[in-house]
Amino acid sequence: MLFSSMTFIYVFLPLVCTIYLLARKDLHNYILLIASMIFYAWGEPNYLAIMLLTILVNYVGANYISRSKNAVHRKALLGLTIIADLSFLFYFKYFNFVMENVNAVFQADIKFINVIMPIGISFYTFQALSYVIDVYRGEVKVQRDIYKLALYICLFPQLIAGPIVKYHDVDEQINNRTVTFEKVAYGIKRFIMGLSKKVLIANTLGAVADKIFSQQADAFDTLTSWVGAVAYSLQLYYDFSGYSDMAIGLGAIFGFKFLENFNYPYISKSITEFWRRWHISLSTWFKEYLYIPLGGNRVSKIRHYFNLFVVFLATGFWHGAAWNFIFWGLWHGMFIIFEKMSGWHKKEGGILLSVIQHIYTIFAFVVGWVMFRADSMAYAWQYLKNMFGLLKEHELTYKFGYYVDNTEILALIFAVILAMPICRNILAVPYKYKTFRGIINIWLIGLFLLSSCFIASSTYNPFIYFRF
Amino acid sequence: MKKAYSWKRTVISVILTVVGICLLTPMYCRGNLSLGYLQTRFINKKALIVVNSDKTISYGEMSGVGDDKIECDSDGLSCRLLIQDLLYEWQRKEFVFSVEPDAKVVINFGISESAPHSIVDYNDITINGNNIVKNIVQASRGKPYNKDIKVAGKKLILSFKVRRHHFTTRDLCVLYGFNGDLFISLTILLFLCLRKLMNYADKLKTTDNNSQIDIVFILVFAVILFLPMSRISTADKSLQENRILAKYKPLFTSQGLNLKYGDDFEKWFNDRFWGRNLSFRLYKDIMLYLNNIYKNGDSMLMKENNWMFQTHGVRYAIQDYRKMQQVRQQVSLLNDFCKEHNIKVYMIVIPNKESIYAEKLPITQQELMKLRGFTDYVQKLLNRFEIPTVFPYDELRKASEKDLVFFKQSHHWTEWGAYVGYNALMELIKKDYPDIHVTQPDEYNIYTSKLIREDWDRKFGTGQTSKRLYIDKKYAKQKLLLDNYVYYDHKEEILPVYTDIDLYKVKYFRNNKLKKGPKVFLTGTSMNENLLQFLPYSFSEVIYYRLNDTKNVKNEAAFMLLKRYKKEILAYNPDILILCISYNNIPNLINLTLE
């Protein structure tokens, strides 16, 4: 089920909220757990079993780890649990990709498996890993109640698109949390903000990007290729951050406080800063569970760069089983290593340097997103060549005006403005400014109705030709 | 103090219970009881059917808001009596029809299935001054009032009084399946739930500086969340979308657990939630307001000139060269197959509307489509095909100066456009069959209409691109359908002797006047539908098999001509095979001969 679907907003959400708010507090976790299971099983019930197996494996693994006093046993148990978790991920997400490459390199003929990747598997696997590693490190107490552990792994607000909640961040909240008017109101507002970002901005810009990226790279001119890359960069940010906002908002409605996942990444002055602001839950996950265990920066310079290389290789690979994701990860890794070597990200100076730093960062991530968006590296390469005027255009090409209308231009303007921290504290207006708060509430209801109208219009499905 | 708060909570709970129980009407009553006024859109549209002695049929419709009297011509089309929303007071209405002598009139007063439960009273129904019904008669949902009458003269004046029915308890309990027990149970349950909710809200821990503004905000949000669920449409089909609406499929079926329940539920809910049509209209209005070009999916409406286009019509202008190579090979293989079976094969590629009417496109797209290079480019591609191919771009451009060759509200060509294309095709065929009869305009009854006839069913409508753009009939008729399109009906019309839409779309025409002429196997896309106004008059037989948009065939398989119709071609043993497709569909020929 998608947050931006009619069924979620107008059936699932009101029913779950009503039951949750009316029920006794000691039933809250069970209600959320059942709701999360329904939410996950809604589209593809078969894959619920994979998630349940993940829960069971981590519950058993963590319990044995906590009971064992032998360091070797503990390590072995941790290793086994991690292997079990990653094997699910590997089988469903990476097996075919690896086999495709093995076949290509060794001229082998290993058959592909016919599986569809379970939705959200990358997210809940990482959450499960976070739990078992935290228990191993002794940072949290083992969760003896399997229902609570299940709730942590499959809590529906962040189940399918994050943020990746680390166990030590919500351990206490699972056991004890309160629902207040403030939290509910804040949660609703945050949800509406996220929904609007997704529906009004990301989807609108997505239409522009899709139109451009769906064509041969030589079928449009250079300006159009930049429009496509920028539209996609903004679409991705608003889509992903919108989803995170909705997740954080829903969490607040149920009394949870999830950490922020985005912090205006497009205003960064370096790629290092970008990764402190973009998908924070993933970058901190890799930092805590990969980068630091590898030695972090408390090692030799070469080893440090190697650690960064590994982290960004893993980041790229986490995003998808294709070479373009790996190259995208390495592209970012390359800039990070360059910045560490040159100290570019720490340089401070006048406005000119600041502008240059912004341009450099925008250039790096926009080019990176082209790799991320392309269906293959070959297409990405052609697209990038077009962006830099190195591709011979088709004899008939479209100009960028073909791809954008007023609504899309409007969305583009809003997207650029709102990517800057201008409205950062709009939901935190003090209560004493009642009128202003009231205006914001009305504006949010308006946004919600408008977003709903856009979502509802997507259900229009005319049968064009004569009906049988 | 505490008591005062409790009293307030009770009052709020009672108010919310009343609102809730009204919203839950369908649960204890068959459908929603209309309490306020009844919109005339719920009245059976075809309230009056006039069957003339020459078998022509006219309809008298009742809908909308406006006049009390309407004069209608017997022109085979419908005529609308506009009446106010029905009140509890009597209103007199009158239809005036010109009819053929001895016409039969069917009075068909009723309420549509999607209407809330209500009754409409009719009284004092007179025809040409003769009172045919003196007592009050009633029409309700599923129980229309019908009466057949013959009219002697040439004029029909139907006059009647109409009003909303005053409800009685009997109406509620008997006619509308009102379930009193359920009503009481639901009311009590709802009240208890809401009371609990109020208590809960009161107990919510709030900080010192809490704000009532936020509490109001939460309440408003909660009410909005429940609105779409509150009234689920029970209609079977959507006229605007031209399709059957999804039906509810339970989780547990006779075959066991329905694993696709989630998808099924979403389809059902997405088709039926309250406010759906309102959302479409609102979305359309916003987009029309914001943009000079209103787009939805791959369709667009140019606000300044009312022209509609398909965006992919422009996008497909550039065909991938590698794909074209493969298409060329496929066409070559089709040629080999036809040669082997002694069949002449011809192809007509219809230019896309966007290239013919490039100047009507947005300025940014004109640049591409206006280029002379575009047609040269297409011609270059088509010249590589082994089979004789005609691309009537120049002919259509020239003909467009005389009249519209494509519908403004559809991607199909008009019958005038099809006639131009037909002539170009016949010119090509004449090289091999010089004696072939090319049908002439004087063989046709030529007339005009603002409506569009374009598809398999040969019915007049508002145009297929209009449907893609959520444009409802009313808006289309008022703002868009302002041009006259020319239609050609042959004076000695050949109707298909055989049609089949169960598995394929097949039409078979036999021309008894040209028994010795060649037999044609025609295939291709929807453009053929208007071409068939002319083609059967040049050949002894024409059998038409549609490629795309046929039942149970996915798009990628649609163009596998030999895989799908090889047997039929060989069994029919035609002299000529004509492949007629639009330029946009050329890449689909990539699978033409795959078996």
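1. Let's start with a word you'll need: two residues are in contact when they have heavy atoms within 4.5 Å. In chain B, take the contacts with a separation of 6 or more: residues 24 or more positions apart account for 70% of them.

2. Some ground rules: this is a predicted model, where local features need pLDDT of at least 70 and side-chain atom pairs count only at pLDDT 80 or more, while totals for chains, interfaces and linings use all residues. Residues are numbered from 1 along each chain as its sequence is written, chains are lettered from A and ligands numbered from 1 in the order in which they are written, and side-chain values use heavy atoms, with hydrogens and water left out.

3. Staying with chain B, the secondary structure comes to 19 helices and 29 strands. Both are DSSP runs numbered from the N terminus: H or I with at least four residues for helices, E with at least two for strands. Chain B has 595 residues, and 52% of them count as buried. Buried means under 20% relative accessible area, exposed means over 50%, and partly exposed is in between (1.4 Å probe, protein chains only). Chain B exposes about 28,800 Å², with carbon and sulfur atoms supplying 54% of that area. Such areas come from the Shrake-Rupley method with a 1.4 Å probe, and for residues only the protein chains shown count as cover.

4. Now look at where the two chains meet. Helix 17 of chain A packs with helix 5 (residues 212–230) of chain B at an angle of about 10°, and their axes are 10 Å apart. The two helices are therefore roughly parallel to each other. From the chain A side, the contact includes Lys434(A), Asn441(A), Phe448(A) and Leu449(A); from the chain B side, it includes Asp214(B), Phe217(B), Phe221(B) and Leu225(B). For the wording: axes are lines fitted to C-alpha atoms, for helices over the stretch in contact, and angles run from 0 to 180 degrees between N-to-C directions. Angles under 35 degrees count as roughly parallel, over 145 as roughly antiparallel, 65 to 115 as roughly perpendicular and the rest as oblique.

5. What about charges? Side chains of opposite charge can pair when their charged atoms come close. A salt bridge is a side-chain nitrogen of Lys or Arg within 4 Å of a carboxyl oxygen of Asp or Glu, and the whole structure has 25 of them over all chains. One links Lys189(A) with Asp214(B), their closest N and O atoms being 2.9 Å apart. Lys189(A) lies in helix 8 (residues 181–213) of chain A and Asp214(B) in helix 5 of chain B, so this pair joins two chains. Both Lys189(A) and Asp214(B) are buried.

6. Arg190(A) is in helix 8 of chain A and Asp245(A) in helix 9 (residues 222–253) of chain A, so the pair ties together parts 55 residues apart in sequence. Arg190(A) and Asp245(A) are both buried.

7. Chain B has a pair worth checking too: the side chains of Arg453(B) and Asp489(B) form a salt bridge (2.7 Å, N to O). Arg453(B) sits in strand 22 (residues 452–453) and Asp489(B) in strand 24 (residues 485–490) of chain B, so the pair ties together parts 36 residues apart in sequence. Arg453(B) counts as buried at 7% relative accessibility, and Asp489(B) counts as buried at 19%.

8. Is Asn306(B) buried or exposed? Asn306(B) is buried, with a relative accessible area of 18%. You'll find Asn306(B) in the loop between strand 17 (299–302) and strand 18 (308–310) of chain B. Its phi is near 65°, a positive value in a residue other than glycine. Asn128(B) also has a positive phi, near 50°, and lies in the loop between strand 7 (119–127) and strand 8 (130–133) of chain B. Asn128(B) is partly exposed, with a relative accessible area of 33%.

9. Ser4(A) counts as buried at 15% relative accessibility. Not counting residues up to four places away in sequence, Ser4(A) touches Ile9(A), Leu195(A), Lys198(A), Val199(A) and Ile455(A).
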